[in-house]
Amino acid sequence: MHWVRKGEGCFTVEGSDNGFIAHRRKDGVEQSLASHLTEVGEISAQLASKFGVSDAGKLTGLLHDMGKFSSDFQLYIGSATGKINPDEDDYVDYRGLKGKIDHSSAGAQWVWERCQGWGPQGQLVGQILALCIASHHSGLIDCLKPEGENGFLARMGKPDNKTHKNESLNSAPEHYIEELNVLLNKEFIQNVWDQLSLIAQTPNQSIRLFNIGFFSRMLFSCLIDADRINSADFEYPENKEHRNNAPVDWGVPIKRLEKAISEFDGEKPIDELRRNISNTCRERAKDAQGIYTLTVPTGGGKTYASLRYALHHAQQHKLDRIIYIIPFTSIIEQNATAIREVIESPEDTFPWVLEQHSNLEPEQQNWHSKLVSENWDAPIVMTTMVQFLEVLFSGGTRGARKMHQLANTVLIFDEIQTLPINCTHLFCNALNFLTNYCKTTALLCTATQPLLDKLKSPEKGQLTIPPENELVSNVPKLFKDLERVKLSNKVRPEAWTTAQIAELALHEFRALGSCLIIVNTKAWAQQLYLEIQTSDGIDKDSLFQLSTSLCPAHRKAIFARVKERLKKNQPVLCISTQLIEAGVDVDFASVIRFLAGLDSIAQAAGRCNRNGLRKESTVHVVNPDEEKIDLLKDIKVGRDKAQRVMNEGFENLLAPDAIKQYFNYYFYDRDKEMSYPVLAEKLGRDDDLFSLLSCNKLNTGRNNNTLLLQQSFMTAGKAFKAIDSPTQAVIVPYGEEGKYLIAELGRVAKEFDVKTYRDLLKQAQKFSVNVFPNVWKQLQNEDAVHEIQPDEGIYYLNEKYHSDEFGLSVTPCNNMSFLGVD
């Protein structure tokens with residue numbers, strides 16, 4: 001390899017396109033840097049066109065790796081990939097240099113400096129572009145750091161001997177420089193400014209600045225995904241044939257769904273009501289885009305009704321995808337299976353549905369996980385509310401990569417009332433942005449509609465939902481027509497002991513043949529199971545326990561046995577945590593619900609007499625003694641507000657008027673939590689994420705800063721993860737398949753095979769359990785978890801800590817102990 005001096009302090013490599021490379025495969029094939037920048041620019045432009053700024057996407061792509069034209073980086077990548085041999089003079093210690101050669105600042109500095117010539121408009125546009133480019137490895141950086149330092153200007157002022165901007169400009173091919181100069185002009189600035197003017201029309205300064213920051217993250221998302229796609233497809237060319245590049249023909253799944261619906265049988269009154277709801281959704285799909293609600297009692301057939309709406313609406317408005325946001329990982333597979341059964345065929349080139357059970361990708365991504373991480377590139381995506389919120393607000397690049405896929409999309413929120421209370425204002429502002437400026441439609445589905453358009457502090461952001469945007473007319477009548485259960489308030493001052501609750505459950509079980517007990521904690525689920533297990537009159541085949549300590553595959557197997565027994569009218573007594581409440585299609589003769597929020601009680605009622613097979617059934621509400629829920633504020637506050645409504649004399653506690661009153665109390669009491677508060681121990685001062693992502697009003701640096709973007713993006717992203725009590729996924733050895741996957745992932749990771757690794761990782765999602773930090777620490781102390789391979793960030797559970805009855809345990813299963821509250 002021969003380096004040739006091109007100018008003062010500048011070097012180049014002999015060969016085509018000046019010889020600069022972006023990547024080099026193991027087989028020696030090289031990707032030129034100019035090609036990488038051009039291709040990333042083209043992909044990013046296509047993605048950014050969804051919200052009107054394709055040229056901005058193209059420019060960020062062209063500039064993101066401009067610093068790689070430096071000799072320092074070329075010597076580094078040549079040494080790291082074997083292009084430069086260790087015995088050559090140019091060889092460098094690439095291991096010691098990893099991550100230390102700045103190649104992202106050069107392009108950011110160039111565009112920031114160039115845009116200064118176009119006044120305030122150019123300054124804002126330049127700041128957004130430079131922010132995206134400079135942040136493409138770290139996640140969006142802080143414009144203002146928590147202590148007040150201007151992080152953005154510090155990055156733009158980084159010395160040239162560190163950023164290599166001038167060297168890169170001198171070394172880059174002439175056609176590349178010419179393309180930059182042609183693209184970035186006054187018309188470019190005006191086009192981006194026009195889009196920013198649209199999103200900044202609100203007179204509310206905080207929401208206006210939130211919108212501009214959100215726009216920046218959307219553009220950033222396009223760059224990240226484009227970079228990852230191009231890098232992965234060069235490294236593994238076979239990836240290209242597996243990507244969904246063609247426009248979606250929604251007519252195919254629509255035809256299949258309509259055929260399936262026409263063949264559904266059922267002559268009970270409830271079946272007719274479900275058909276009417278479905279037909280209404282089909283008709284309303286023709287409406288304009290916006291935010292809509294679907295308020296239907298549990299058991300009203302929301303899954304297929306909302307799918308019907310989404311497919312026809314996507315076809316009507318030529319949208320790219322449908323994303324289902326579901327409250328719990330435990331029901332993703334059930335809903336995905338229900339949808340696949342009616343819209344997928346073995347002849348399909350690609351699957352229609354992508355489902356995500358849990359997050360097995362390591363937070364600190366390595367090259368392997370970057371290649372296999374999902375970017376929601378499927379027509380229909382099933383994900384959780386937690387993952388959806390991480391896409392919007394988490395730090396780093398992994399979540400942000402998916403964010404642009406929320407544009408030109410139908411978003412279906414199943415059980416919207418489960419939105420975390422601390423994300424309320426952030427969620428509302430994000431959804432308003434997507435539906436107002438990104439050609440996206442949102443449908444909020446639930447039997448217990450929260451008052452997201454009537455918040456106590458609307459100046460921080462609330463949804464705008466016109467009354468006519470409720471898809472179902474005369475909601476109170478619909479609830480009356482679908483009434484199948486009554487609530488029995490058995491709350492008493494002395495509370496219920498384990499033995500008393502077990503006795504009530506066994507009475508209902510013996511009298512009616514099936515009973516479901518829904519508890520608030522895993523500890524109570526296990527406690528009741530062990531109490532009933534030793535009782536007379538119940539055999540082990542009739543008794544079941546469900547919690548999130550069981551992996552999805554384990555839960556699926558239990559659900560299948562429960563459903564089969566219920567279908568055959570065989571006796572079933574099931575004890576479950578809240579995971580069974582949302583979207584799980586089971587029908588018990590009787591339900592016992594531990595006192596909780598009225599929305600949770602309503603969901604529990606949806607598992608009782610679900611199909612109207614009995615004239616009326618009963619949901620018994622009890623208050624257990626010694627329930628440790630002080631750390632579970634959602635449950636504790638919900639319990640207290642539900643009890644208040646239960647004492648107010650409503651005729652039907654499951655009707656919309658009672659639910660509305662419940663949310664009035666609940667939201668009023670928790671108003672100060674809705675902006676995602678951050679405590680001083682995390683930030684140095686008490687603040688909240690809405691402020692950090694908008695006007696940053698408590699940051700002392702605002703007083704000495706003339707830049708419009710003053711957000712602390714990186715700080716907010718880290719705080720979001722810290723406060724949200726992030727879980728760690730661990731693969732458990734459930735059954736022979738679980739053990740096989742653990743062994744195979746360990747084997748494949750050594751000699752990386754991207755396709756096999758991706759397939760195994762997807763399969764392993766069904767055998768993973770998410771654990772909270774306190775449980776994770778206990779498992780580590782017990783030496784119960786181990787990495788699949790060093791530095792992979794994927795963990796598995798020691799077989800001794802897995803129970804066939806209770807799943808993951810923090811102690812060896814021959815000495816089973818409760819997991820406690822989590």
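Predicted model: local features only at pLDDT ≥ 70, side-chain atom pairs only at ≥ 80, totals over all residues.

Colleague: How many residues are in the largest nonpolar core, and which have the most contacts inside it?

Modeller: It has 122 residues, and F413 and F427 have the most contacts inside it. Helix α12, residues 205-235, gives the largest share of this core, with 10 residues. There is also a second, separate core of 66 residues, with I331, I380, I558 and V572 among them.

Colleague: Switching to helices. At what angle do α1 and α2 pack?

Modeller: About 155°, with the axes 7 Å apart. Angles over 145 degrees count as roughly antiparallel, so that is what α1 and α2 are to each other. Their crossing is right-handed.

Colleague: Which residues meet there?

Modeller: From α1, L37, T38, V40, G41, S44, A45 and A48; from α2, S54, G57, K58, T60, G61 and L62. The contact residues divide into five nonpolar, seven polar and one charged.

Colleague: Now backbone. What is phi of H164?

Modeller: Near 65°, a positive value in a residue other than glycine. Most residues other than glycine have a negative phi. H164 sits in the loop between α8 and α9.

Colleague: Is H164 buried or exposed?

Modeller: Buried, because its relative accessibility is 8%. N569 also has a positive phi, about 60°, and is not a glycine. N569 lies in the loop between α23 and β14. At 72% relative accessibility, N569 counts as exposed.

Terms used: Residues numbered from 1 in each chain as written. Heavy atoms only, no water. Axes fitted to C-alpha atoms, helices over the stretch in contact; angles between N-to-C directions. Helix = DSSP H or I, 4+ residues; strand = E, 2+ residues; numbered from the N terminus. Parallel < 35°, antiparallel > 145°, perpendicular 65-115°, else oblique. Left-handed = near helix turned anticlockwise from the far one by under 90°. Contact = heavy atoms within 4.5 Å. Nonpolar A, V, L, I, M, F, W, Y, C, P; charged D, E, K, R; others polar. Core = buried A, V, L, I, M, F, W, Y, C linked by side-chain atoms within 4.5 Å. Buried < 20%, exposed > 50% of the residue type's maximum accessible area, 1.4 Å probe, protein only.
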